[in-house]
Amino acid sequence: MQRDTVSSLPIQWPDTDQGIPDALSLLLSKLSTSVFVLHRDESTQLVQMRYLAGASLLLPFKSSSNFCQDLNAFIPDTESSQITDWLMGDATFPLCMEVSICHANQTRYVTKLILQRDATQRQFYWGGLLDQTVAADQRDYLQSLFDNMSSMMWAKDKEGRILFANAAYYEWTGQSLLGVAGQQESEWLPSAEVEAFMEEDRKVMASQSKLETEGPASNQFGEVRWFDSWKSAVVSHGEAIGTIGFARDMTFQRSVQSDVQLKEMLLEHARDMVMLISFEEPVRLTYVNREACVALGYSRDALKSMPLSEIDGGGLVSQIDLSGHHAITAERIRFEASCLRKDGTTIPVEVTGAHLLFADNVYFLAMLRDITATKQAENALREREQEFRTLAENSSDSIARFDVSHRVKYINPAFSQLFGCASQSAQWQTPVQLFGEVDGTVYVRYLNQTISSKAATQFEMFWSSSDQERFCVLIRLTPELDHEGNVISVLAIGRDVSELNDYRQKVHHLAFFDNLTGLPNRAMFQDSLSQMLHESAQYQRQSAVMLIDLDLFKEVNDTLGHPVGDQLLCQVANRLKSKLRSNDLVARLGGDEFAVLFPEIIHKDDVAVLASKLLAAFEAPFWIGGREMFMTGSVGIAYYPDDATSSEDLVRYADAAMYAAKRAGRNSFRCYNSEMTRLANERLALEVELRQALARQQMVLRYQPKVSLDDGTVVGSEALIRWQHPELGLISPDRFIPLAEESALIVDIGRWVLKEACLTVSEWNRQAATPHRMAINLSAKQFHSSSLVDEIPAILEITNCQPDWIELEITESLLLHEDEQVLRDLQRLRIMGITIAIDDFGTGFSALSYLTHFPIDTLKIDRSFISSVTSDPYKAGLVRAMISMADCLGQTVVAEGVEDMDQAMYLRQNGCQIAQGYLFGKAVSKAEFEQLPTKFFVPQDDYVL
Ligand SMILES: Nc1nc2c(ncn2[C@@H]2O[C@H](COP(=O)(O)O[C@H]3[C@@H](O)[C@H](n4cnc5c(=O)[nH]c(N)nc54)O[C@@H]3COP(=O)(O)O)[C@@H](O)[C@H]2O)c(=O)[nH]1
């Protein structure tokens with residue numbers, strides 16, 4: 001940086017022989033400091049000062065090269081004796097002190113005195129003692145003097161060659177005296193620097209002026225320092241013949257200055273209030289920063305003029321140790337106080353400070369931070385804490401807070417009550433200590449999950465109180481985070497949901513358990529099946545589905561009523577459960593259908609063995625209301641993965657197997673095979689085709705003769721339907737009547753059978769001497785679901801059939817509930833002249849009282865009694881009882897399924913009137929029937945059985 005400096009008066013280069021030394025004297029006279037030497041008189045011990053050069057204004061005398069005066073004549077004793085002590089001592093470091101120089105007019109001028117010992121160890125100081133012998137040689141003296149100066153000095157000729165330079169110059173440039181003499185600076189200084197210097201030199205020489213600059217300069221070592229420089233043209237005989245200059249190294253001062261400025265700036269711009277408190281009475285502020293003025297509302301001057309007590313809103317003065325004792329330790333203290341603002345309001349502050357000892361005075365440097373926001377936050381926190389505490393303490397929910405090491409920090413009274421632990425004893429306990437190993441471990445797992453995910457979670461815990469009351473507690477864990485988002489604790493809120501749980505369990509039970517038997521229901525079965533298949537696939541296990549259908553359960557229901565059926569189902573359920581392992585699931589799918597899941601089977605045979613055991617479990621009689629009952633079941637089994645892998649297919653296949661067992665005569669089990677699928681598909685196809693069978697005239701009737709046991713003549717027949725399928729041939733009614741019963745088709749089929757049978761019997765009776773009576777089957781469903789009775793007169797009329805030519809066969813189940821409508825319909829049929837037969841008599845479960853209540857004409861004893869009537873005395877007894885009962889009621893007895901003459905003769909001998917069975921022929925077509933003999937045997941009264 002260049003100061004303005006071109007002087008109008010150039011320095012006159014002395015025109016003497018000595019040349020350069022004179023120029024140096026001139027140079028010295030331009031120094032802004034006074035240069036002097038001190039001389040100590042050994043005898044008097046007085047120190048004399050001799051002025052040499054430089055600014056003389058500071059001195060109390062005129063500039064004179066031969067001035068010499070006692071030091072203590074113009075410097076106070078205390079200061080001069082300090083200088084004397086230093087001179088006499090061995091200290092090698094410079095003496096730096098402030099001195100008060102007394103001028104002649106008694107004014108005092110305080111300036112800085114720097115004394116430096118001669119580097120050559122002679123009694124020679126920077127401005128030091130001059131050796132008497134050296135005084136004669138002024139050039140050496142000056143060179144020594146210059147060499148002991150810290151500023152660089154030099155003189156150059158017109159071409160910029162160095163004529164003279166001092167030690168400071170050599171040191172900065174790294175050159176020796178010999179090295180620089182007569183050389184240009186470009187030899188040792190960076191070219192950019194040299195170019196700038198030369199430009200300056202040219203300038204001052206051209207203008208014959210001087211130049212002062214300030215700025216950085218660098219040397220060949222790359223070192224950069226800050227210099228205050230002065231240079232001037234040397235003029236001889238009106239012509240510039242060179243330059244002289246010196247440069248003062250200001251790097252340190254500059255850095256110190258900028259350091260101080262920086263610190264001042266920091267203090268000024270600090271966001272906290274900074275105060276320097278002086279302990280001189282009254283205790284007051286000697287420094288305040290801008291923030292303090294702004295915060296307290298005073299000007300800086302106002303603050304600095306007032307005692308500290310005026311801004312003390314409480315605790316400020318009282319907490320600062322005014323004794324100054326702490327200044328010795330410089331211990332930092334911190335406290336909270338309150339400052340009083342100019343407008344009378346107060347600010348809470350946190351004071352951090354330390355006592356300082358400076359120039360024999362004690363100060364307190366204080367930094368005051370406005371903690372209004374912190375206090376407000378603390379208050380808000382306290383309020384929230386209070387609110388939380390009030391809520392928590394009075395909450396009916398149990399509340400606990402755990403730290404991240406799972407230790408209890410807080411529990412509320414509800415927690416104490418629910419879990420039976422006192423607040424004090426629960427402190428710092430872990431869940432394992434509180435709830436035991438099992439529940440505690442689960443609890444810790446959820447705590448860890450909450451901590452790691454930083455998200456709320458909930459779970460249910462079951463807990464038994466000390467009086468063994470069982471609770472279900474819903475626990476919600478919420479992570480509590482610090483301002484950096486780290487989990488610092490977990491809040492656990494527990495709600496007693498025992499009632500809800502009971503209700504939920506009831507709902508669950510209703511949804512997933514069968515109300516009657518308590519077994520899992522179809523929904524639960526489906527769920528468990530899916531789960532089982534999932535695990536089977538995962539662990540590559542074999543598993544199985546078993547379906548159990550009770551045989552003829554419908555008859556029980558129909559004949560003995562639903563309450564009995566329900567009890568039977570419950571007993572069946574219990575027997576099934578008792579035979580299965582705990583991990584096998586037995587479910588009731590509905591009606592009389594049960595299912596069992598076997599999640600893990602080693603050998604398929606194991607399931608088959610179990611199926612046998614289950615069937616065997618039915619062998620013992622069931623006792624219901626003091627009545628002994630027998631029940632069997634049909635079982636179907638399908639295996640995963642051999643038979644199927646999907647739940648739908650497995651159930652379908654087990655169902656097919658179960659039907660196969662039924663078809664095979666019931667009370668047995670079947671394992672699925674692909675043939676069953678074929679049959680099941682066929683059954684489905686049949687169902688579809690059955691709908692068109694009537695329209696396509698595929699239904700036909702076959703007739704089985706009924707023979708009088710009295711004389712062996714054919715007295716009638718039973719019309720039995722067949723389906724003449726174009727591809728499957730003649731299909732038995734066992735295969736399609738149940739299908740037809742499942743839909744309304746049975747009504748149409750029944751109407752067709754009635755019409756067709758009436759036509760046939762009408763034709764046969766047209767010329768017959770003895771009327772032929774044809775039995776026609778009516779299913780219970782057909783009876784209930786149609787206006788059959790209303791239609792009969794019209795059918796009889798159009799077929800020209802007399803009512804007494806037909807007999808309608810119904811099953812016992814139709815009469816079970818003593819239905820008034822059924823009674824009325826049967827009575828109407830009786831009135832029409834149509835007789836009624838009970839089919840399959842003896843297989844039902846109804847009370848025999850219906851025999852007297854309803855208009856029944858004929859009892860057809862079921863073939864299951866007849867087949868062993870000659871071999872089983874028990875069955876024979878029953879048959880005799882049935883015949884005798886019918887006899888009492890005036891009813892005709894027809895024996896079904898008579899297959900040999902022994903049976904026929906036994907029945908004849910015991911009073912049975914009519915027989916039907918393969919002994920006389922199977923059901924045949926109308927044409928074939930017409931070819932049958934009219935008499936099948938000649939009765940022999942002496943027939944030996
Ligand atoms: N609602 C209707 N049901 C009908 C009709 N036609 C028949 N059926 C019922 O179908 C079941 C099977 O009948 P079917 O295959 O015709 O069998 C009958 C006889 O063939 C058979 N039977 C006759 N004698 C013997 C014998 O000595 N041994 C022996 N093993 N079986 C014999 O019995 C069936 C007749 O039984 P039932 O009707 O109980 O007298 C059967 O339940 C029929 O009722 C119809 O048109 N409508």
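**Strands, helices and a ligand shell in a predicted model**

Visitor: How many bridges join strand β24 to strand β26?

Guide: Strand β24 (residues 542–550) and strand β26 (residues 593–601) run antiparallel and are joined by seven bridges. Strands here are DSSP runs of E with at least two residues, helices are runs of H or I with at least four, and both are numbered from the N terminus. Two strands pair if DSSP finds at least two bridges between them. Within this pair, Val 545 stands opposite Leu 597 in β26.

Visitor: What joins β25 to β26?

Guide: Five bridges join strand β25 (residues 585–590) to β26, and the two run antiparallel. Gly 590 stands opposite Glu 593 in β26. The hairpin of β25 and β26 has two residues between the strands, and Gly 591 takes a positive phi near 50 degrees there.

Visitor: How many helices and strands does the protein chain have?

Guide: The protein chain has 33 helices and 39 strands. Of its 945 residues, 32% are buried, where buried means 20 or more other C-beta atoms within 10 Å of the residue's own, exposed means 12 or fewer, and partly exposed lies in between, with C-beta atoms placed from the backbone.

Visitor: Which order do the strands have in the open sheet of six?

Guide: The order is β14-β13-β18-β17-β16-β15, with antiparallel pairing. The edge strands, each pairing on one side only, are β14 (284–288) and β15 (312–314). Neighbouring strands of this sheet are turned by 45 degrees against each other on average, direction ignored; axes are lines fitted to C-alpha atoms, for helices over the stretch in contact, and angles run from 0 to 180 degrees between N-to-C directions.

Visitor: And how do β13 and β18 pair?

Guide: Strand β13 (residues 273–278) and strand β18 (residues 361–370) pair in the antiparallel sense over six bridges. Val 274 stands opposite Met 367 in β18.

Visitor: Now helices. At what angle do α22 and α23 cross?

Guide: The axes of helix α22 (residues 647–663) and helix α23 (residues 674–693) cross at roughly 85 degrees and come within 9 Å. α22 is therefore roughly perpendicular to α23; angles under 35 degrees count as roughly parallel, over 145 as roughly antiparallel, 65 to 115 as roughly perpendicular and the rest as oblique.

Visitor: Which residues meet there?

Guide: Tyr 653, Ala 656, Ala 657 and Ala 660 in α22 meet Met 676, Thr 677, Leu 679 and Ala 680 in α23. Residues are in contact if their C-beta atoms, placed from the backbone, lie within 7 Å. By class, this contact has seven nonpolar, one polar and no charged residues. Ala, Val, Leu, Ile, Met, Phe, Trp, Tyr, Cys and Pro count as nonpolar, Asp, Glu, Lys and Arg as charged, and the others, Gly among them, as polar.

Visitor: Last topic: which residues come nearest to the ligand?

Guide: Leu 720, Ile 721, Pro 733, Asn 777 and Gly 917 come nearest, of the 22 residues around the ligand. A residue is near a molecule or strand if its C-beta atom, placed from the backbone, lies within 6 Å of it. β32 (714–725), α24 (733–742) and β36 (835–841) each supply at least two residues of the shell. By class, the shell has eight nonpolar, seven polar and seven charged residues.

Methods: Residues numbered from 1 in each chain as written. Predicted model: local features only at pLDDT ≥ 70, side-chain atom pairs only at ≥ 80, totals over all residues. Contact = placed C-beta atoms within 7 Å.
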